Amino acid sequence: MKLFHPSMGALKGFECGNSDSYSANCLDDSEENGGHGDCRNLEVIVDAVKVLLEGLDEDVNREGLKKTPLRVARAFMDGTRGYRQNLKDIIGDALFPEAGIENGAGCGGGSGGLVVIRNIDLFSYCEACLLPFKVRLHVAYVSSDQRVVGLSKLSRAAEVFAKRLQSPQRLVDEICKALNESIKPLGVALILECWHIQFPGIEGSADELKSNIEEMQGWISSSVYAGSGVFENESCDMWNEFIELLHLGGVKVVRPSSNTSLVDEGIWCPFPAVSDRASPTINGGTFSQYMLNCNGNGPSSLSKNISNSTLQAKLGASYSMMIAAVESILSGIGENPWRDELHWTPFRFVWWLSNFHQVNPAIQSRGFEWTRVEIESNGCSGKTDAKVSPRDTGGEIILEVNVPFCSQCEHHLLPFSGVAHIGYFSIKEKKQADRSNIYHIVQFFSHRLQVQERLTRQIAETISVCCNSANVIVVLEANHICMLSRGIEKIGSSTATVAVLGCFITDSSLKSKFLQKISERRLRSL
């Protein structure tokens with residue numbers, strides 16, 4: 001079938017797979033398939049993802065990418081299933097009769113009782129860039145008419161609106177309005193804490209190269225609130241009571257104030273703006289010199305413009321096709337790609353993906369120069385000097401810890417980021433690599449579609465060749481957005497992978513000593 005989105009027709013030149021190939025996967029309403037029965041929309045997104053991959057010069061038929069279009073399509077449909085859900089079906093008959101305090105002697109139960117639900121963790125999709133962001137919701141309502149609502153329904157009702165393209169303020173406003181209309185309380189109050197992955201940046205300073213494995217550390221955070229009924233006035237006593245009950249549960253939030261803007265919709269998403277006129281400049285560097293970093297590891301200042309013309313030059317003829325493909329994705333999930341808030345979203349998403357474009361750079365830094373061909377033909381084949389024991393040559397172990405990176409999961413087209421810890425034995429008479437050399441090797445392999453296991457191996461093998469050492473250990477720690485925001489939504493989880501060469505394979509005490517050194521340095525940095 002051909003890609004399609006409103007008012008544009010089929011995307012010319014991109015005939016995609018037979019629609020029958022997906023019929024067995026997309027006609028059911030299982031959670032795995034996004035909780036939908038619209039096979040055509042799933043196919044549209046699948047074909048759009050193929051266009052995006054081809055625009056990145058990827059082979060959509062290679063083993064690691066064969067199922068990526070379908071995985072990404074299912075993730076988009078699942079992550080935006082709120083468009084296809086009805087709040088009335090969620091709340092249903094979950095309003096239960098509950099008596100209040102007799103004779104009006106007080107407030108409680110189903111008459112004027114305050115109910116607070118803390119720490120409802122969800123993920124939503126940022127409408128500005130199509131990347132997921134984390135939501136932690138705190139809800140309070142005051143019962144009326146001798147009725148209370150089933151507590152699980154409050155989190156499920158919030159999820160209906162979180163599973164759409166959103167901005168924080170609209171999300172909290174929509175949840176507040178929906179709860180007010182569906183359960184008809186005396187008042188509803190919500191506080192929404194939000195975290196968005198931070199990007200872009202370039203090489204971080206030594207002070208910035210710190211572990212970002214702790215939950216949401218380094219993400220951009222914002223808080224928004226909404227209230228209705230007895231909570232409409234943010235200076236009222238009910239807000240005080242709500243905040244105090246949150247504090248009692250260990251939730252650190254501040255009292256809402258109309259004098260303080262808790263989130264500026266113009267800067268919520270840390271993505272630079274897109275401009276047809278301006279050329280992008282990041283800390284004095286041009287777009288072509290740009291090295292992606294994220295999650296607080298890059299400089300704080302950056303240009304607010306991305307040039308369409310620069311993107312087009314980088315991606316060539318694929319650029320317009322990729323923009324149209326993202327518009328097809330927006331239509332496929334049930335959105336209007338032409339509403340004002342989504343006008344620049346396709347450009348931002350394509351810009352993000354372009355950082356993982358298959359290019360052929362050279363790594364050049366302080367006397368080292370290795371082209372991709374040399375690295376991938378030698379480094380990834382494990383060709384090194386004859387293996388010698390570091391103890392026999394008087395070698396010393398060199399440690400480089402907390403080297404930051406950001407890469408893109410090739411299975412789900414979502415970022416994963418973290419730090420690399422590298423150890424290798426250096427022979428005294430051989431040239432050693434400094435931290436910048438190590439940094440560029442890590443960046444070289446992370447700036448493409450990847451899996452963490454392969455990235456770890458490639459770094460280890462390349463360090464072995466470029467640093468002339470047969471004895472190398474590499475540990476990568478990373479948070480995967482695909483694990484946090486889809487499927488099981490394991491918030492706070494992280495992944496560690498290890499690759500070893502030479503003496504680190506057989507000498508367990510040496511490996512243990514290296515891991516202990518990592519822990520010691522981390523403790524000192526806290």
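**Close-up views of a predicted model**

**View 1. Ser417 in strand β17.** Ser417 is a residue of strand β17, which covers residues 415–426. The model shown here and in the other views is predicted. Ser417 has a relative accessibility of 3%, and because buried means under 20%, this residue counts as buried. Pro404 is 13 residues from Ser417 along the chain, and the C-alpha atoms of the two are 7.6 Å apart.

**View 2. Helices α2 and α3.** Two packed helices are described by the angle between their axes and the distance between the axes. Helix α2 spans residues 39–55 and helix α3 spans residues 68–79. Their axes come within 8 Å and cross at roughly 125°, so α2 and α3 are oblique to each other. The crossing in which α2 passes α3 is right-handed. On the α2 side, the contact is made by Asn41, Leu42, Ile45, Val46, Val49, Lys50 and Leu53. On the α3 side, the residues are Thr68, Pro69, Leu70, Val72, Ala73, Arg74, Phe76 and Met77. By type, the residues of this contact between α2 and α3 comprise 11 nonpolar, 2 polar and 2 charged.

**View 3. Asn471 in the loop between α14 and β19.** Asn471 is placed in the loop that runs between α14 (452–466) and β19 (472–480). With a relative accessibility of 6%, Asn471 counts as buried. The side chain of Asn471 reaches the backbone nitrogen of Cys503 at 2.8 Å.

Note on methods:
Residues numbered from 1 in each chain as written. Predicted model: local features only at pLDDT ≥ 70, side-chain atom pairs only at ≥ 80, totals over all residues. Heavy atoms only, no water. Axes fitted to C-alpha atoms, helices over the stretch in contact; angles between N-to-C directions. Helix = DSSP H or I, 4+ residues; strand = E, 2+ residues; numbered from the N terminus. Parallel < 35°, antiparallel > 145°, perpendicular 65-115°, else oblique. Left-handed = near helix turned anticlockwise from the far one by under 90°. Contact = heavy atoms within 4.5 Å. Nonpolar A, V, L, I, M, F, W, Y, C, P; charged D, E, K, R; others polar. Buried < 20%, exposed > 50% of the residue type's maximum accessible area, 1.4 Å probe, protein only. Polar contact = N/O pair within 3.5 Å; in protein donor to acceptor, adjacent residues only side chain to side chain.
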